Amino acid sequence: MSERSGLGRVVRSSVFLAGLVIVLFWVGCALFGRWLVPIDPYRDDLLNTLAAPSAAHWFGTDQLGRDVFARVVVGAGPILSVAPAATLLATVAGTALGLLTGYVGGWLDTVLGRLIEVLLALPLIVVSLLVLVALGPSTITVIAVIAIIFTPLIARTVRAAVLAERGLDYVAAAELRGESAANIMFVEILPNVLPPILVETTVRLGYAIFTVASLSFLGFGIQPPSADWGLAISENYGMIVGGYWWTVSFAAAATASLVVGVNLVADGIQAALE
Amino acid sequence: MPHLARQIGQRLGLSLLTLLLLSIVVFAGAQVLPGNVGRAILGPLADPAAVAAINHELGADQPLVLRYLGWIGKFLLGDMGQSYVFRSPVAPFVGAALLNSLKLAAVAFVIVVPLSIGAGVYAATRVGRWQDRTISIAGLSLTVVPEFVSAIALILLFGVWLRWLPISAAIRPGTDWLEQLRRLIMPALPLVIVLFGYIARMARAGTVAALEADYTRTAVLKGLPQRTVIFRHVLRNALLPTITVVASQIGYMIGGLVVVETLFRYQGIGSLILMAARGKDLPMLEAGILVVGALFVLATLAADMLQAGLDPRQRAR
Amino acid sequence: MTAPALELRDLSVGYRARGAEALVLHGLSLSIAPGEVYGLVGESGCGKSTAAFAALRALPRNGFIRGGQVLVDGQDITALDPAGLRQLRQTKVSMVYQDPGRALNPSLTVARQIGEVYEVAGVGRSEAFSRAQAMLLKMRIAGPARVMRAYPHQLSGGMQQRVVIAMALAKNPALLVLDEPTTGLDATVEAEVLDLVQVLRHEFATSILFISHNLAVIGRMCDRVGVLYAGRLVEEGAAADLLSRPLHPYTARLIQCLPSGKRKADGRLETIPGFLPAPDDMTPGCVFAPRCEFADDRCRTIVPPLETQPGHQVACHHADRAQCTIAPAPPRLVSAPIAGAPVLRAVGLSKTYGDVRAVRDVSLALLPGETLGLVGESGSGKTTLARMLLGLEAPDPGGVIELDGRFVAGRAKSRTRADHKALQIVFQNPDSALNRSHTVRRLIGRPLARMAGLPRRQRAARLLELVGAVRLAERYLPMRPRQLSGGLKQRVAIARAFAGDPKVVICDEPTSALDVSVQAAILNLLTDLQASARVSYVFISHDLGVVRYLSDRIAVIYLGRIMEIGPVQAVFDGPHHPYTEALLSAMPGAGARIQLHGEMPSPAALPSGCVFQTRCPRKIGAICETTEPELADEAHAIRCHLPRAEMGRA
């Protein structure tokens, strides 16, 4: 019965399933959308700008006459490569750093603690802006900035979990048979802190999407002519006063559904692991 | 009591250290990362002589440590430097923007704190039932919706279709405070939406733990009325950690301000930072970011002190 | 005729978890007369706490009453509405549970928490305050004014429990439920709290439902006792009668599991084979049959009813035969310590953390095959001492540890493989000691690979041998710790400790988290392993009975100091150090209790002179406050200024 407890409970949670369906839908769009949409999402049609939704253009067209439906479908791509890449990098680095600081401790722990404090004092978006201004906006920079900012945050979660494990006697038992520090960190402790790492990673993925979308909206994230949702809203939101609601609504709804989906998955995993 | 004084001293010291590191990080971000400040301002195609000239003019050709000391020294005396774009001191811009942002933040906080704590506590008393699930899942989902997304929805709904609220928050001088407040409601709502789920979640978790605690059972078994149990025994212990959470969200909120102020054309610290970033106005950017960070550090410190003061275990050990 | 204070009629209670329901109490009936103290005893999982909560209708949210009635003072409380229930709790029933630190609200003063019991009954604030203070005086609390102002975290565990009891008795209840009220407290504190309850029950004339896993405590406190097994009452009777003449095989066995004065050479302890049935187990017949030596076909098909025997009620088809099992176990061969060079020697070990002097200048030597019992209350430094011996904490400079005459490094990291092999540990809590993501095979196999240095083929054989030696079935090898019971987990931990053929194993309270039947099996196993492997033990425990059973010598520690060390017989018979004397008097079944003054001082502010002088009932004068007595280098050494002739004797 205990074998079923972890994975089985995750899968049976309806919240988790709902989230998973949403996320998988957008992943599908990101991977195959280019071949599924009927109209080229990057083709301008200056004779047919700002057209309302119709049979020809299901979600209407934008200022340049590009098909909004095609752009929303394809727009899942950039954010779903940038945000997961940043999160993955941060998870790997943060886990290693968290294990080190939690188990080895000492000055490394003190320094990291201060650094996290400083990073927390700066809003994510603001730090990203600073670095992106300094280095110039590019996809790689966006990934690097978010990964670097998330690394200590993930390290902090891992460290807390490692500290709790470190106080347990099995770690002392391993030390008493002369195991190396690397063995104790990666063989003894790591398997026991995987659940919180998994939860942290999914939660962070949600925030990464949030941040990338916001940066794109501000013009410092994914750059034109990409079909990215944040960028699309940034390019068109001036129009909504004129009643051209379709130019931004669908991209906004898509962004919202993706972050909510990721978050539901994270919540489902967390509920099952508690 | 000497113990308490020592603790306060310790926390003050740590906060100062954080501020120092913060200033170094900001300085490094603005002055070191670009490699060449003049090049970063003028762009890759500019004439090398022009780049060297602007570097000299800005003092960017001096050793880093000197530049840092000069910058932070002046900063502490209230001189935040000269804006590259406006060719005038930065400080008045930052001061005015900060005041505007504080107004907006205050409106958001006044709405979100009672709302989210109330919802979190209510959910905790209905734990596992549909009311709890609804509040938890809705709160959780709203928390991750970027401000510009919810703002678009709000603008369309209240600004464009229903026409209840103005879609621009820009305030002309002389506007009376009631009109100011009215204009601030819509920009505040996206911030409320993001913060609501987070604070409600913490309040709920704290309340659930306190409801399940042995001391709550003791209170119930004394035959105390439910109101007394909740207000005297549960909430007092449940909401202490929430204080720190609320404070820690101030930093997050300012990040949100960048987006919201831009969208609603409101002249606060967020739109100032973005404007400086777009214009590569490094002194303005540095000053804005450092002020924001300092504000956050101070808020956290205040929350820490407040919590320590309210918790007898921390107060009198 | 007055109504019973509490009557349970055919009460069935269960819990809902993940959509499934499981009954924990099956038709429990019992009755407590006004002024009576009724003890409910049983091992973990038998449902005794559920019975306690059901008696106040205070089950956890997922608990439910499936059937039956709960009558308090003649009133069926299962039918009460919320207001009626509140009224009942305001006036008639109270409860005290295990951990007093958690039963008190951390952010309210003691005055407020006791006072509100009176306030809810309509007493004014200032009157409530003075009544609360008077109540604390009745709890024999010196300086109640100070305690009134205090927050719970500022009080010791014993003081907290007095406050909880004061709160419970403030309403002068008809029924007081005590659920393991002294579990987790130190022996001397436990004895004081139990004494207090004895006095108060007469002062308040309240009826008490006393729940405990500890037979000795139950025997001392209660008029009548019920024995609970798997949610059913299997035996009930007058306390003295039931404990001396148990009629149910389960009760009989449970009593024999206790060391009660025995030594390991006197024979093995009895054990109860098998496991408690799962709550959803629906096997017909007597619930104890699968573990009972007398079980026959009738036991396996027909549930035995609770029948009245002289002085007893018992649910067993073979109630006449249970007595047969009380036969003295045959003496057995145990390894005698080998005189000569000590295998482990520590000289001048101290450990200081900042101001806290946890261990001070401890020297001891352990012979091959010997067991040294280490006795002390919480905060005495016994665990710190063990961790220093192991190298988990480095001793302060100047301390020396030798294995077989060789100097070993202070830190485990700097020790050699031979040192690691020679010195191992069995921890108190197997849940913490075993890595929950590894299988049993890996948990034992890894130490074999590291320490035994065997080739792979031989390693597999040695693994099976080791698993057999700790009586662990091979089918457990692929399982993970969470699939094992507490006793099985502790066997895995013991196998791991023995993987490298250690010379010394430090046992840090290895049985204190286990039920007595499991404890007995583990103690037997440790004795057997010692006889076959000639290993020495340092056995740390707060339970003097267990220490006496297993040890050859005993060291008594107080505030980081060895106060007395000597052969078991000498330490138990006396002459005693005054502290040892107090500890022994706190053992259940001992004679008049020796009261210690006040509480243990903080190791950060040690008293001058003898560290025990602030609490010593036999303090002789100024010399105790100025000069710390020496611990002479003799077989039975006592750190005290008192002449031997004037010391207490058993």
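This is a predicted model: local features need pLDDT of at least 70, side-chain atom pairs count only at pLDDT 80 or more; totals for chains, interfaces and linings use all residues.
User: Which helices of chain C supply at least two residues each of the side of domain 1 that touches domain 3?

Analyst: Helix 8 (187-204), helix 9 (215-221) and helix 11 (249-257) of chain C do. Helix 8 of chain C gives the most, with six residues. The residues of that side of domain 1 of chain C divide into 11 nonpolar, five polar and 11 charged.

User: Why is the pair C:Asp528 and C:Arg268 called a salt bridge?

Analyst: The closest N and O atoms of C:Asp528 and C:Arg268 are 3.0 Å apart. The cut-off is 4 Å between a side-chain nitrogen of Lys or Arg and a carboxyl oxygen of Asp or Glu, so the pair qualifies. The count between domain 1 of chain C and domain 3 of chain C is three salt bridges.

User: What area is buried between domain 1 of chain C and domain 3 of chain C, and which residues of domain 1 lose the most?

Analyst: The buried area is about 2600 Å², of which carbon and sulfur atoms give 51%. In domain 1 of chain C, C:Thr188, C:Arg263 and C:Lys264 lose the most area to domain 3 of chain C, together 25% of what that side buries. In terms of residues, 27 of domain 1 of chain C are in contact with 33 of domain 3 of chain C.

User: Turning to chains A and B, what makes A:Asp267 and B:Arg201 a salt bridge?

Analyst: Their side chains meet at 3.6 Å, N to O. That value is within 4 Å, and the partners are an Asp and an Arg, so the pair is counted as a salt bridge. The count between chain B and chain A is one salt bridge. Three residue pairs, both at pLDDT 80 or more, are in polar contact between chain B and chain A.

User: How do the residues of the side of chain B that touches chain A divide, and which helix gives the most?

Analyst: Helix 1 of chain B gives the most, with nine residues. The side divides into 38 nonpolar, eight polar and five charged residues.

User: How many residues are in contact between chain B and chain A, and what area is buried?

Analyst: 51 residues of chain B are in contact with 40 residues of chain A. The buried area is about 4100 Å², of which carbon and sulfur atoms give 80%. In chain B, B:Val144, B:Phe148 and B:Ile152 lose the most area to chain A, together 15% of what that side buries.

Conventions:
Residues are numbered from 1 along each chain as its sequence is written. Chains are lettered from A and ligands numbered from 1 in the order in which they are written. Side-chain values use heavy atoms; hydrogens and water are left out. Contact means heavy atoms within 4.5 Å. Buried area is the accessible area (1.4 Å probe) that two parts lose on being put together, summed over both. A polar contact is a pair of N or O atoms within 3.5 Å; within protein, one must be able to donate a hydrogen and the other to accept it, and residues adjacent in sequence count only if both atoms are side-chain atoms. Helices (H or I, at least four residues) and strands (E, at least two) are DSSP runs, numbered from the N terminus. Ala, Val, Leu, Ile, Met, Phe, Trp, Tyr, Cys and Pro count as nonpolar, Asp, Glu, Lys and Arg as charged, and the others, Gly among them, as polar.
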